[in-house]
Amino acid sequence: MMTPTTEAELAEAIGAATSPLRIKGGGTRVMPGAGEGLSTRGLSGISLYEPGALTVVAGAGTPLAEVEAALEAEGQMLPFEPGVMRGLLGTHGEPTIGGAVACNASGPRRVQLGACRDFLIGLRFVDGAGRVLKNGGRVMKNVTGYDLVKLLCGSYGTLGVISEVAFKVLPKPETTATLIWRGGTFAEDLQVMTEALCSPFGVTGAARGHDGDVLIRVEGMAGSVAYRSAQLRLLAGRAAARIETDASANDALWRDIRDVTCFAGQPGRIWRTSVKPSDMPAIAALPHRHMVDWGGGLIWTLTEENIDLRAQITAPGHSTLLRGCGAPLFHPEPPPIAALSAGLRAKFDPRGILNPGLMG
Amino acid sequence: MDMPTPKAEIIAKKARVIGLLESVLPKEAVIHHEAELRAYECDALTAYKCPPLAAVLPATTAQVSDVLKICHQEGVPVVPRGAGTSLAGGALPTADCVILGVAKMNEVLETDYPNRIIRVQTGRTNLSVTGAVEEDGFFYAPDPSSQLACAIAGNIAMNSGGAHCLKYGVTTNNLLGVTMVLMDGTVMEIGGAYMDAPGLDLLGVICGSEGQLGVVTEATLRILPKPEGARPVLMGFDDNETAGACVADIIKAGVLPVAIEFMDRPCIRATEAFAQAGYPDCEALLIVEVEGSEAEIDEQLEVILKVAATHNPVELRQSKSADESARIWLGRKSAFGAMGQINDYICLDGTIPVSNLPMVLGRMNEISAQFGLDVANVFHAGDGNLHPLILFDANKPGDLETCEAMGAEILKLCVEAGGCLTGEHGVGVEKRDLMLHQFSPEDLDIQMAVKDVFDPAWLLNPAKVFPLTVSAARRAA
Ligand SMILES: Cc1cc2nc3c(=O)[nH]c(=O)nc-3n(C[C@H](O)[C@H](O)[C@H](O)COP(=O)(O)OP(=O)(O)OC[C@H]3O[C@@H](n4cnc5c(N)ncnc54)[C@H](O)[C@@H]3O)c2cc1C
Ligand SMILES: Cc1cc2nc3c(=O)[nH]c(=O)nc-3n(C[C@H](O)[C@H](O)[C@H](O)COP(=O)(O)OP(=O)(O)OC[C@H]3O[C@@H](n4cnc5c(N)ncnc54)[C@H](O)[C@@H]3O)c2cc1C
């Protein structure tokens, strides 16, 4: 395992490589495939944090927890709520901020505030030819040249090894409340989530746990949270069974959704399906176990090892195989899109040495 | 500003190209008479003009595909056009190009409230997207000041922002999918009514690519439920530094306003003379707006006003009615018009880290003195997106050139301060030749490599974004 400690060393390592490299952040997601390990853990540390400008810049190998702790100390947060999947995936290691970017890791708040890619404002990376490159910057609004920040976010290490990332952060809400409904059918529960998200009350989480409970989250200043909780109490003709207002209980509730803890330690394949929310009930009717987030737009499914969930879904959208093997990790793309993606990989990684084969 | 020499062989076959275009489009959709082409000779960067070879106004994605196939096969460059409000010269033609306008494609294709999306043809104007859903309590969040005129097509190509993007983000954060036609005529669907990409985030790089990767004909946009209400406060300060510090402190206090707008004295005076909004005559003015129910607004404003009070404002004006709110916004909304009344101006668009605001405003005054032209500032302070307006006299020989040179100095200053050349207007031709101040040649090379993949022949809007010397080899190939 190579562990460069500077960007220059990273560039040298990639430039000198003659065979495939497996890029590793915290190693919470062990990716299939052979190749020499290249760890980003040496590229660690927060280099700039300006709470008054809502910006933080850190080395890609910085532990996610370190970034979150620094923000917490100033009453701020990474708005996209990246998860920690080691429990679900049965791995060890400490997730890194660069790994979260490489996977565009985004939790429940995505439905309202946006994904990792929406808050990532700049990055530096080394491409497959060993060139040190940058895109974006450290300011919130930037349309100077093409937005490669978005392209690199969620490229799983196939376009370049990210060395540094810059984010827009947000104030951490002072109060949180979660309204909880006892589960009905998936269609009824979708209706609750939809009405909540179509309300003007700034819902920042709309999920259906594996136990069937529907969770609707509001966050903000105390008076506002109390007001909005009261307004949201009755949805789709059903009253919330209770409202959770305790801070640590709320943290736990949403951590379970974010990290999909309900499927941790359960054998089988885990799929992550992204669809139009109204298509959720048809998918959740498939005879597997499901957990729903993003108001119906994200479905986590636990199937038996031999099941190809993709073959059972007809709705537009896509499924990623998060755990399990024997099927492609990523949803096959239509030919013209696959051709563009392959073309881009060939430009960014002309020798095909960065996580080759991972995305196609 | 240079543009590539138009290719004589293309101009020579104008009749042939028009004949081919007329074979796939109704006659009235192919414009080629000199007088009619004048409508397409520039966008809102009117300092530069050039009539195109022809302009076409297709009505369907299939027609767009047919047009592009013809131009691809004939080697004719294509410049896509929405409403032509670009301030960067993004839609500026060359004499050998075909302008492909999507203005006729302005239908709403689908509104879906439960899924909170709308699908439109991209010729539709920004404001009329909100117009289509407003009665049902929804809105489309990105709100460029040009929203009455500009089209979703241009918004996507420029990744446009607006006054409310501190809270709601810019176009890219509200775009879920597109139908796009590649230069060779291939029609593709990218993204859709779901929230993330299956593979590489192609949508992310298409948004903001200034019409260089494909022609976007349809878009799936996120719509949001309208907030219950909104209310601004107006604050006046004795100097820019204090106003800048106040912005940072408001943000640090944990409330996130939907907008924080800043105006400096030259701008305040000009708008007062023009719109009589009743602004205080002070050095710097902030308009801070928050949203929610009445009680929620009060709760947030209490925090904001407490922060403001620690910065000794010369004026703190709370709105008590819709009328008063409108008056507070009146001056800000008329700022561009007001400046236009008293002077010719160019509007810059650099972004800086908010923390460097006082330093940058100070340096800008020095640059202004050095070049002998006045500069007025009105901008989105919450996100550091500056809009310095440099005032000049278009009738005075040399003034435009001085103004442009001064603009370049200010933009370089933004980059030095940790920011960028453009926060929302795009590079176009206007900032094209400054790109090497922000990027290394390799940084630009990898961007151009993306264009190589989407448009290998470099026929789509080829003379924009990248300095001509830097893109020369690719354009020639
Ligand atoms: C298929 C998939 C789906 C996921 N879905 C979700 C989700 O829905 N919600 C959520 O919260 N999280 C999700 N995650 C992310 C996960 O929770 C971790 O945040 C993430 O894996 C980062 O952890 P890590 O540092 O341990 O990275 P690793 O496990 O070490 O690496 C993960 C991937 O990122 C690449 N990578 C890591 N660092 C870099 C870098 N600096 N430059 C380039 N490539 C790099 C690796 O090559 C590997 O492909 C997903 C991850 C994967 C792989
Ligand atoms: C008074 C005024 C105020 C403004 N305020 C703001 C503001 O607040 N925020 C802001 O961000 N901008 C602002 N602008 C700039 C401008 O309105 C935006 O850039 C807008 O998005 C341009 O849209 P358009 O439809 O007019 O595009 P056009 O000017 O027609 O074209 C702009 C670019 O988009 C490309 N393009 C057009 N159609 C397509 C298509 N179908 N497919 C691919 N590419 C295409 C063109 O080639 C060109 O590069 C302002 C402009 C004016 C004149």
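Predicted model: local features only at pLDDT ≥ 70, side-chain atom pairs only at ≥ 80, totals over all residues.
Four secondary-structure elements of chain A each supply at least two residues of the shell around ligand 1: strand E1 (21–24), helix H4 (97–102), strand E8 (161–168) and strand E19 (317–323).

At the level of domains, the shell draws at least three residues from domain 1 of chain A, which spans 7–171 + 338–348, and at least three from domain 2, which spans 174–329.

Let me turn to the composition. Around ligand 1 there are 33 residues, of which A:Ile23, A:Thr28, A:Gly83, A:Thr96 and A:Arg272 come nearest. By class, the shell comprises 16 nonpolar, 14 polar and three charged residues.

Several backbone contacts deserve mention. A polar backbone atom of A:Gly26 lies 2.7 Å from an oxygen atom of ligand 1. For A:Gly27, a polar backbone atom is likewise found 2.7 Å from an oxygen atom of the ligand. How much of ligand 1 does the protein bury? Of the 920 Å² that the ligand exposes when taken alone, the protein buries 99%.

I close with the interface between the chains. Chain A contributes 72 residues to the contact and chain B contributes 92 residues. Together, chain A and chain B bury about 6500 Å², with 62% of that area on carbon and sulfur atoms. On the chain A side, A:Lys141, A:Val143 and A:Tyr146 supply 15% of the area buried against chain B, more than any other three residues.

Terms used: Residues numbered from 1 in each chain as written. Chains lettered and ligands numbered in written order. Heavy atoms only, no water. Near = heavy atom within 4 Å. Polar contact = N/O pair within 3.5 Å; in protein donor to acceptor, adjacent residues only side chain to side chain. Areas by Shrake-Rupley, 256 points an atom, 1.4 Å probe, with all protein chains shown as cover. Nonpolar A, V, L, I, M, F, W, Y, C, P; charged D, E, K, R; others polar. Domains from an automatic or database assignment. Contact = heavy atoms within 4.5 Å. Buried area = accessible area lost by both parts, 1.4 Å probe.
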